[in-house]
Amino acid sequence: MNWVVKFLTSSLGKKLIMSLTGLFLCTFLLVHMIGNLALFADADGHSFNEYAEFMAHNPLIKTVSLGLYFFIFLHAVQGIAIWASNRNSAGGSSRYKGSEKAKTEASAASRNMMWLGVLILAFLLLHMAQFWLKAKFTGLTREGDLYYEVSLAFQQEWVVIVYLLGLFALSAHLLHGFQSAFQTLGLNHKKYTSVVKAIGLAFAILVPLGFATMPIFFYIKEML
Amino acid sequence: MAHDEIRLTLNVWRQKSAGQAGKFESYQVTANTHMSFLEMLDVLNEQLNSQKKDPVAFEHDCREGICGACSLVINGRPHGPMQGTTTCQLHMRHFDDGDTIWIEPYRAKAFPVVKDLVVDRSAFDRIIQSGGYVSVNTGGTPDGNAIPIEQEVAAKGFNAAACIGCGACVAACPNASAMLFTSAKVTHLATMPQGHVEAQQRVLNMVSQMDGEGFGLCSNIGACEAECPKEISIENIAQMNREYIAAVFGSNRQAAK
């Protein structure tokens with residue numbers, strides 16, 4: 001198995017891990033967002049609670065979620081490690097004195113993927129503490145009523161603001177990450193790249209936007 | 001003062017040797033707008049010589065944009081502000097009277113400073129030595145057109161072969177990654193039938209050597225292709241990724257070291 005280790009620790013192998021785990025997390029985002037749209041299905045939250053119950057107990061979902069936790073961990077740890085070694089290779093971020101004047105061709109998102117990732121991770125930990133931890137371990141305010149927990153959380157102004165900021169970071173991260181994953185897989189071709197980039201743009205805007213409707217909906221609903 | 005002369009303030013990186021700490025020195029130079037950037041530095045060095053001061057060390061050779069010897073980061077950009085040109089092709093008419101210009105060496109761990117603006121780019125030579133060649137039997141001169149190559153294939157190979165190995169990609173990359181350079185060489189040779197034979201071993205060896213030199217990893221930012229004087233595309237990096245994945249999973253070959 002020596003060649004596998006060699007590959008995974010080579011520069012291109014490390015990139016491939018980032019790419020594949022990133023794309024897997026993209027599929028999770030899409031499923032999570034579409035599933036959560038059940039929040040809007042009815043006013044008493046019956047559909048959403050049923051959906052949450054299904055997700056929590058389906059053996060297939062439970063198995064995949066173990067992979068999900070691992071891939072989130074791998075993507076984050078590997079990303080930070082790559083950032084640190086890249087920094088070492090380049091000799092710091094502001095290595096050119098004259099660069100204050102220079103216009104930069106590369107997008108701000110692409111240059112700050114690690115920091116955006118850390119923001120997303122911090123947001124994710126908060127998000128999991130609010131719902132996942134309560135539903136699984138410490139207990140919900142009302143037994144079996146995740147919908148009530150969600151509506152309770154999103155009545156607080158700071159929670160809504162933090163969620164919108166987290167989703168903004170996610171959008172910026174996806175804006176570079178989605179198409180970048182395809183480039184890393186070697187899928188850069190005149191016929192397809194424009195399509196990949198267009199899908200990436202739509203994905204990076206629509207998925208976070210879909211999520212953003214949820215805190216906004218509950219916040220406004222409470223105000224009315 | 002003639003209308004085609006400009007007075008400039010140059011902030012130049014001065015460093016005696018790799019081991020010693022460097023710092024910026026400020027110089028006043030009057031340059032003709034028809035001069036190239038390197039000729040302007042020649043004027044500065046004549047000035048310094050006449051003052052019995054140590055001239056600024058910088059690399060140059062052909063001075064027509066094909067050898068890859070000149071380098072420099074000018075106002076934060078490798079080869080200066082113009083698109084698709086090397087420092088020797090940069091003319092002083094792109095600067096204004098009274099401008100302040102920052103002149104720095106390429107900065108990367110794999111390109112240590114030798115003196116002033118000169119960096120050691122021998123890491124690139126070692127990447128080439130690890131596989132950036134085709135093996136040819138010695139003997140009589142081969143017939144020029146013995147191997148038919150489609151025009152489109154030849155053009156693609158040539159576009160990648162246009163890389164002059166100057167290292168601007170490494171200097172521009174926030175990660176100091178050498179993947180644009182390495183991928184240009186990999187693509188150039190893998191595209192042509194003469195290089196196809198050794199393609200798998202080549203990509204394994206060159207990537208392994210590149211990793212060993214301490215360059216960073218590519219994060220598909222695209223700063224390299226924006227600064228490349230030969231406008232090499234990052235499509236080449238995608239091709240290198242494909243070639244590498246295919247060589248690792250589709251063959252029994254291993255990198256030579």
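This is a predicted model: local features need pLDDT of at least 70, side-chain atom pairs count only at pLDDT 80 or more; totals for chains, interfaces and linings use all residues.
Residues are counted from 1 along each chain as its sequence is written, while chains are lettered from A and ligands numbered from 1 in the order in which they are written. Local features need pLDDT of at least 70 and side-chain atom pairs count only at pLDDT 80 or more, but totals for chains, interfaces and linings use all residues.

**View 1. Chain B as a whole, with its nine helices and seven strands.** Helices (H or I, at least four residues) and strands (E, at least two) are DSSP runs, numbered from the N terminus. The C-alpha trace spans about 65 × 40 × 40 Å along its principal axes. Out of 257 residues in chain B, 48% are buried; that label takes 20 or more other C-beta atoms within 10 Å of a residue's own, with C-beta atoms placed from the backbone. Take the contacts in chain B between residues at least 6 apart in sequence: 69% of them join residues at least 24 apart. A contact here puts two C-beta atoms, placed from the backbone, within 7 Å.

View 2. Domain 1 brings 18 residues to the contact and domain 2 brings 16. On the domain 1 side, that's eight nonpolar, seven polar and three charged. For these classes, Ala, Val, Leu, Ile, Met, Phe, Trp, Tyr, Cys and Pro are nonpolar, Asp, Glu, Lys and Arg are charged, and the others, Gly among them, are polar.

**View 3. An open, mixed sheet of five strands in chain B.** Reading across, the order is β2-β1-β5-β3-β4. β2 (23-32) and β4 (77-78) of chain B are the edge strands with a single partner each, so one side of each has no neighbour in the sheet. Strands count as paired if DSSP finds at least two bridges between them. β1 (5-14) runs antiparallel to β2(B) over ten bridges, and B:R7 faces B:T30 of β2(B). Helix α1 (37-50) of chain B lies across β1, β2 and β3 (73-74), at about 110 degrees to β2(B).

**View 4. Zooming in on β5(B), with four of its five residues buried.** That burial is why β5(B) is largely enclosed by the rest of the structure. With β1(B), the pairing is parallel over four bridges, and B:W102 in β5(B) is the bridge partner of B:N11. With β3(B), the pairing is antiparallel over two bridges; here B:I74 stands opposite B:I103 of β5(B).

**View 5. Helices α5(B) and α7(B) packed together.** The axes of α5 (179-191) and α7(B) are 10 Å apart, at an angle of about 170 degrees. Axes are lines fitted to C-alpha atoms, for helices over the stretch in contact, and angles run from 0 to 180 degrees between N-to-C directions. So α5(B) is roughly antiparallel to α7(B), a label for angles over 145 degrees. Residues making the contact include B:V186 and B:L189 from α5(B), and B:V203 and B:M206 from α7(B). By class, this contact has eight nonpolar, one polar and two charged residues.

**View 6. The side of chain B that touches chain A.** Here 37 residues of chain B contact 34 residues of chain A. β5 (100-104), α7 (199-212), α8 (223-227) and α9 (235-250) of chain B supply at least two residues each. α9(B) gives the largest share, eight residues. The chain B side has 19 nonpolar, eleven polar and seven charged residues.

Methods: Angles under 35 degrees count as roughly parallel, over 145 as roughly antiparallel, 65 to 115 as roughly perpendicular and the rest as oblique. A residue is buried if 20 or more other C-beta atoms lie within 10 Å of its own, exposed if 12 or fewer, and partly exposed in between; C-beta atoms are placed from the backbone.
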